[in-house]
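Biologist: I would like to learn how to read strand pairing and ring contacts in a model. Can we go through them in turn?

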Amino acid sequence: MAALRAPCYIQWVERAYDVVVVGGGHNGLACGAILAKSGLSVAIFERSECLGGTAVSERVWSGYTLSTASYVCTLLDPWLIHELDLHAYGYDAYRKDPATFNVLADGRSLLLGADDDANAREISAFDPSDVAGFRELDRVTRELGSALFETFSDDEPSFGRFPQATRDVLCGSVASLVERYVRTPVLAAAVATDGIIGTFLGPRNLGTGYVLAHHYAGRALGAQGAWGYVRGGMGAISQALASVARSYGASIFAGTPVSRITVRDGIADGIALADGSEIRARVVASNAHPRTTYVDLVGEALLDAGTLQKLRGWKSVGPSLKLNLALGELPNFTARPGTEPQSHHRATIHVAPSLDYLQRAYEDAAGGGVSAEPMLECFMQTPTDPSLAPPGKHILSVFAQYYPYDRPDGWGDSQRAAAADQIIGMLARYAPNIPNAIEERQLLSSVDLEARFGIVGGHIFHGELLPDQIYENRFSTKAPVANLYLCGSGAHPGGCVSGFPGKRAARAILAQMAAS
């Protein structure tokens, strides 16, 4: 497997830096790029040969460029895009429209996008009275997302800054929110899926209202809550950030694992590498999961009781898996026949017929096991970016829940194969040509996500984005060890490819440097 990466230079440029960044995920790269642009000497150390963490593009199969883990963009900080001039370094994102395509077992389907009139026609085929309700629901969710966005850069995040009514919605269930406005089951599910993505809860569980709003908080595409694709795959974001960092003098070392954050007299002063080398720094920033940072790299003996208690209670059990498929032709959906590119092929394709279906999928797994009928969220970028696959070929990526990290029977080869077969079999009910169109497949369970990308429990957000783990309840950017900062998704505002945690850490480090 050939990873898309810039050259790595193992020979040290210097052995002491102003800032050392542990982890070259997109947040670590963003943090390092900002600091380097501000004139500090910066070194970024990444254990993988490929930069970007889960925001990575890889040549897994001949002729294909695969967004192996993360696959769509909305939350990337517009300030970062502008301030670091990411477009000049290869970043180019475009809106995904239509937005969502939900397929049903009875041959019907629902296609929604930016065209209000087209949405009205689609919804009216189910229930004309839901047209106005959907418009209002869409307005409310985008307003909630906008309110969150305005807090994502806060130095001192506080959930209490929101009015009580807003907090009640965010702390409530996504089901209770959407059912206020619409009653068509598939329409309710089409919206509610964004309230459970990456979350080990069902739509009727409290706290999923926040998850929905978080997924509507992005402005990277120029419209509140709009999602899109990155040309060349998600790794183009990471490569752009790395190029900016290097252009300002940062040194980046891929394939160079960090074994320890060195702490002397209670102050972080550098890192130790797996080969025994020690690198000194005035400040250390960690892009790793909080548990990795504090338990594995710092050591519990150096932590206060409050931090240890928080680590032990941190919810970081991933419920998701990713199945990537190379197809010889586009899916031929019974609801909208044809293998030539059509509008629904550009949308998010959901197998999520109702809120009750989604809740059962969660309860199956919560009861010990996996979903008998999982939620499937599928994407195909190749209809709009054919450079990612050989001529006439396509990539279908499936994000599926619930397949938890801690399933009782584990994640051996047989469990992986069974999960892939189950998902493919489900897709065949709606697009019967899919099984025979598959030429390659890759499955990443939450255990694989942990092993490959270092995200504890395979949780894509570095821990649940729920009321007891957001804002001031998330891990602080300033660590309990002096001169150590968290710049990854364990800090506010949490997960998704955003760069906000990296930016916030860089800003805090610059403030410390200015004061010292």
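Modeller: Start with strands. Two strands pair if DSSP finds at least two bridges between them. Keep in mind that this model is predicted.

Biologist: Which residue stands opposite threonine 100 in β15?

Modeller: Threonine 348 does. The strands involved are β7 (residues 100-103) and β15, which run in the parallel sense and share three bridges.

Biologist: In which sense do β15 and strand β16 (residues 375-379) pair?

Modeller: They pair in the antiparallel sense, over three bridges. Here valine 351 faces leucine 376 of β16.

Biologist: Which residues of strand β15 (residues 348-351) lie on each side?

Modeller: Thr348 and His350 are on one side, Ile349 and Val351 on the other. All four are buried, so both faces of β15 are covered; the cut-off for buried is under 20% relative accessible area.

Biologist: Now the rings. How many aromatic pairs does the structure hold?

Modeller: There are 19 aromatic pairs. One of them joins tyrosine 71 and phenylalanine 399, with 6.0 Å centre to centre and 50 degrees between the planes. That geometry is tilted.

Biologist: Why does the pair of tyrosine 71 and phenylalanine 399 tie together parts that are apart in sequence?

Modeller: Look at where each residue lies. Tyrosine 71 is in the loop between β5 (66-67) and α2 (78-83), while phenylalanine 399 is in strand β17 (residues 394-401), so the contact links parts 328 residues apart in sequence.

Biologist: Are tyrosine 71 and phenylalanine 399 buried or exposed?

Modeller: Tyrosine 71 is buried, at 11% relative accessible area. Phenylalanine 399 is buried too, at 6%.

Biologist: What kind of pair do phenylalanine 159 and phenylalanine 162 form?

Modeller: An edge-to-face pair. The planes are 70 degrees apart, and edge-to-face calls for over 60. The centres are 5.8 Å apart. Phenylalanine 159 is buried at 12% relative accessibility, and phenylalanine 162 is buried with a relative accessible area of 6%.

Biologist: Which residues do ring pairs link into a cluster?

Modeller: Tyr71, Tyr94, Tyr229, Phe379 and Phe399.

Note on methods. Residues are numbered from 1 along each chain as its sequence is written. This is a predicted model: local features need pLDDT of at least 70, side-chain atom pairs count only at pLDDT 80 or more; totals for chains, interfaces and linings use all residues. Side-chain values use heavy atoms; hydrogens and water are left out. Rings of Phe, Tyr and Trp (its six-membered ring) pair if their centres lie within 6.5 Å; planes under 30 degrees apart count as stacked, over 60 as edge-to-face and the rest as tilted. Helices (H or I, at least four residues) and strands (E, at least two) are DSSP runs, numbered from the N terminus. Buried means under 20% relative accessible area, exposed over 50%, partly exposed in between (1.4 Å probe, protein chains only).
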